[in-house]
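Biologist: Could we go through this model together? I would like to ask about a few regions as they come up.

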Amino acid sequence: MSQNRALWTRRRVLVGAAAAGAMTVALPVIGRGAGVETTMPDAPGWTDGAGNMRYRIDAHAKVTGAKVFPRDIRGRDMPGWPAETHHAMMLFATDATHVFEGIDLSALGQDFQPDRIVLAEDLAAAGLAATGFFASNLFATKGAVADFLGQPVAMLIYADFNRFATARSALTAETKVVKYGAESPARATKPYGAGRYTRVAGENPAGPDQYSVMLAGGVSPQSYDAAFNPVWSEPAADGDAAAQAAYHGAAIRQALAEGKLGKTYAQSFQTQSIEPMFMEPESGLAWYDAASGRLSMVIGVQSPDLSVQGIAGMVGKATDGFKVTEIDGQFLFMGGSFGAKDHTIFPLYAALAGLFGGGKTVRLAFNRFEQFQFGLKRHAFRVDSQLGVDPATGGFTAFVCDVDANGGGVANLSGAIAGVGAVASSAIYYMPQSDVTTVARQSIAVTAGSMRGFGSIQTMTAMEVLVDQVARDLGMDPFEIRQTNTLQTGWLTLTGNPTNGANRTPEVLAAMEKAALWADRAADKAAYEAANPGFAYGVGVACVMKKYGGGVDSSLGTVTLAADGGIAANCGASEMGTGVATAVARRVADHLGHLPDQVQLTARGLWDDLQLVAADNPWGISQADQDAQSANPRWTLVIDAETTASNGASACTQAPDIAAWVVLRCGLWPAARAIWSDGAFGGQSSGQFVTFADLRWVDGRLTAKGMQPLTLEQLAERAHRDGLVTGAMAHGANRWMWSTAQFTVNDDSFEVPIDALAIRRGGSEDWELLDRDKVTFPAAVTERIGASYFSTCGAVVAMGVDRISGETRLLAVHQVLECGRVLVPDIVQGMTEGGIAMGVGQALYEDLPLYEDGPGNGTWNLNSYRVPMSADLPLDRITVEVLPPLSETDAPKGMAELVMIPVVPGILNAICDAVGARVLSLPATPQKIMEAL
């Protein structure tokens, strides 16, 4: 079991003053003695004899069936836990317009009744309630309508698996278990959020603007009307931010309506609700020891700290028998996530299973029916757009967009997702004037939340379809219109901020245009249609530029060097299948010339030696408060953020990268100079004149300016002997740019993009915490939707469409990707191919009805939900072209979400190219294609 526990991370929260809900966070280092190892398991063969990477470091454990996922674990696997595992299942509401009256389990017979039933009244009696981000009714209440379809109504706990399995099978899709009474109005509340993003450019596209979010701040509605539509402030040119936004927005809309900004193109586009369909349904294990007050858990989520904080809030006012003094959360790899295990409320239910488990280990593991019925979904969007275009040049003059998102039964991240969709709605284009509004609505649908694309895929698809239509109407080449209007380096985005670094979208478009799939389209069309009577051939293109990073990100990392040259690396991140540990290994090898022997993904407790304290609200802190608090040498914006928003390679690996650099600069470099200068190699005193910039790793040995190449073992031995730096621990905070700080080690001062640093010297295991000489944090104004990290991806798609039935065939896809420095090419290739497959599902097949006939009714599974199969994909004709970095100094960029987006509008545009049908509602089924014709 030690090998399996090696993949885990750990969070421990000490909960004090339970009646008041207060708590302190104490996340200590957990070692083998406590039953947890945070190192990766043995990965035989992951490197070749020369130290080159053959495959990702976690691959061997996964493909050989090691216990690495929460679903794999039972009580007997957990040292110190009750070995006997009990099993829990949940029942869900299938009706949200009739009064919930309770449950009737008589269909199970006497032999298969649960050993414990948990209802809303049991939670109330125990003083348990969801608070903070997760605030909602955990169970439907008798005598009232359920809050939404799929809301839990009860938890059933069984002491043995056989009775549990029989009961679950009997209850699956059973319609008479949950009882309903009189019809009653469905729950209706105000929206979860709404916002307005207005911009009027100045004379220069690079700024300054006349008005923008970056200049004036965010805007919310002053109220909602009876239909819960936003009511915006009265327009006023000299009013507050909301009044100014209303003034400029109204002016833009009126000018478009009156034709004063060229020709106006209008479009209403609808996207669907989608199931994330990760391989491993949500699962967890919990044990509550009432005597000690410890709640122990095994879970897999993208946001461990949020989950533990949510559980702590839930038990904050617990009564006797349920009071919790300590939460020990152990977090395993996720068997897929696609964003939907970020900010999920599932861990609270897993905790409830433990709390009501009678002192036993209890396992709550959804099957696929339950995951469909309760798990987070992709938001259905309606995107109403207007685009002003100069007919003579094809140049865009103004853009208006209204985004309406269905958030389902609980708020979750709906407001943020609608906002990200708004910011992304202009796609790759520069808009001199824009007015975008959002509203994220409550409904009785299954709760929608984070999913790969996070609002961007909905609005970017709408934009790329609209631009394609404009090009057709004006008789312009689709690449010409895109190159004419694409955002250039230094130009301001829809929110009024520039992108970070070079904008390489024009290069991506140029590469797409050169692709054989586009260049040879006429010949391919003739050949395909001749060989496939009745089918039309079409080629579509689409290109998107998507932000990566969560806006407030962090990185925690350590690198240590043993006396024999062994390297151990550690990173504060969650593994959801994206290969972040392998990316860490690559970045460490950049500086130390060798891949680490050991990579850990571990909990924040390891970082206690940094003694960090964080802002209460890194999003809303004022510049004055930030300046004052940053005088504390231990203060930072955020200590440990989620692994999300494609931030694995771009953000999570930052601190391990800098830690390795510090070991090189303060350990291996002085060790090399000492060896070169002490006569060991013929008195090469010129070693004293080697500069840090001269160092090069060649075939695993360090050299510079013709000096004798040194092995890592030689360098490590000397560094340990001389008491040089042999370990570094670093933390960095990012709010659309990295914090930077200056540190001094042995009279060597250097400035690096981190804000906290500790070192180890020689063979010591103690960390020496350094004070920073100076520090700079990103300006507080960057919180104003200042997204500045972007990567670009474009797709050229070939489709065959039956002119009679509307049947579609995906024939080929060529994607061009720009993502900075590629750390692990195979992972980028795999993510891109998987993203294309997911995009095909969204474009052509996947669709969940929102209400009574949707997943909330408990009958949905893969027999009714259509996902793309291998036969739906042209596996031998999917190609990926990755632009090389501008230089070897380029940082890695996030790309995991980006790569699934352009194929969706690319498919729609290819269908239109083939048969002239413009489908404006996803998925593009044969019926919709025929209706469009």
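This is a predicted model: local features need pLDDT of at least 70, side-chain atom pairs count only at pLDDT 80 or more; totals for chains, interfaces and linings use all residues.

Biologist: How many residues of α7 are buried, out of what length?

Modeller: Eight of the 11 residues are buried, and the helix, residues 304-314, is mostly covered.

Biologist: And which residues are buried in helix α20?

Modeller: In α20, residues 712-721, they are Leu712, Leu715, Ala716, Arg718, Ala719 and His720. Glycine 723 follows that helix and has a positive phi, near 70°.

Biologist: What does leucine 757 touch?

Modeller: Beyond residues up to four places away in sequence, leucine 757 touches Leu610, Val662, Ala728, Met729, Ala730, Phe743, Phe750, Glu768, Leu769 and Leu770.

Biologist: Now the aromatic rings. How many aromatic pairs are there?

Modeller: The count comes to 22 aromatic pairs. One of them joins tyrosine 158 and phenylalanine 164 in an edge-to-face arrangement, at 6.2 Å centre to centre with 65° between the planes. Both tyrosine 158 and phenylalanine 164 are buried.

Biologist: Why is the pair of tryptophan 669 and phenylalanine 692 called tilted?

Modeller: Their planes stand at 50°, so the pair is classed as tilted, because that angle falls between the limits of 30 degrees for stacked and 60 for edge-to-face. The ring centres are 5.3 Å apart. This pair links distant parts of the chain, since tryptophan 669 belongs to helix α19 while phenylalanine 692 sits in the loop between α19 and β25, 23 residues apart. Both tryptophan 669 and phenylalanine 692 are buried.

Biologist: Which residues do ring pairs link into a cluster?

Modeller: The cluster consists of Phe92, Phe139, Phe346, Tyr349, Phe366 and Phe374.

Biologist: What about histidine 379: buried or exposed?

Modeller: Histidine 379 is buried, at a relative accessible area of 1%, in the loop between α9 (368-374) and β16 (380-389). A polar contact of 2.7 Å joins its side chain to that of serine 414. The residues that histidine 379 touches also include Thr271, Gln272, Asn406 and Gln458.

Biologist: Changing topic, how do strands β21 and β22 pair?

Modeller: Strand β21 (residues 567-571) and strand β22 (residues 598-601) pair in the parallel sense, over four bridges. From β21 the chain passes through helix α16 (residues 580-592) to β22, forming a right-handed β-α-β crossover. Cysteine 571 has leucine 601, in β22, as its bridge partner.

Biologist: Finally, the backbone geometry. Where are there cis peptide bonds?

Modeller: One joins glycine 207 and proline 208, with omega about 5°; proline 208 lies in the loop between β8 (193-200) and α5 (213-216). The bond from leucine 922 to proline 923 is also cis, with omega near -5°, and proline 923 is in the loop between α22 (903-915) and α23 (926-932). Most residues other than glycine have a negative phi, and most peptide bonds are trans.

Biologist: What is phi for phenylalanine 454, and what is it for aspartate 699?

Modeller: Phi of phenylalanine 454 is positive, near 40°, and phi of aspartate 699 is positive, near 55°. Phenylalanine 454 is buried, with a relative accessible area of 17%, whereas aspartate 699 counts as exposed at 76%. Aspartate 699 is in the loop between β25 and β26 (701-703), and phenylalanine 454 is in the loop between β18 (433-441) and α11 (456-474).

Methods: Residues are numbered from 1 along each chain as its sequence is written. Side-chain values use heavy atoms; hydrogens and water are left out. Two strands pair if DSSP finds at least two bridges between them. Helices (H or I, at least four residues) and strands (E, at least two) are DSSP runs, numbered from the N terminus. A crossover is right-handed if, with the strands pointing away from the viewer, the path from the first strand over the helix to the second runs clockwise. Contact means heavy atoms within 4.5 Å. Buried means under 20% relative accessible area, exposed over 50%, partly exposed in between (1.4 Å probe, protein chains only). A polar contact is a pair of N or O atoms within 3.5 Å; within protein, one must be able to donate a hydrogen and the other to accept it, and residues adjacent in sequence count only if both atoms are side-chain atoms. Rings of Phe, Tyr and Trp (its six-membered ring) pair if their centres lie within 6.5 Å; planes under 30 degrees apart count as stacked, over 60 as edge-to-face and the rest as tilted.
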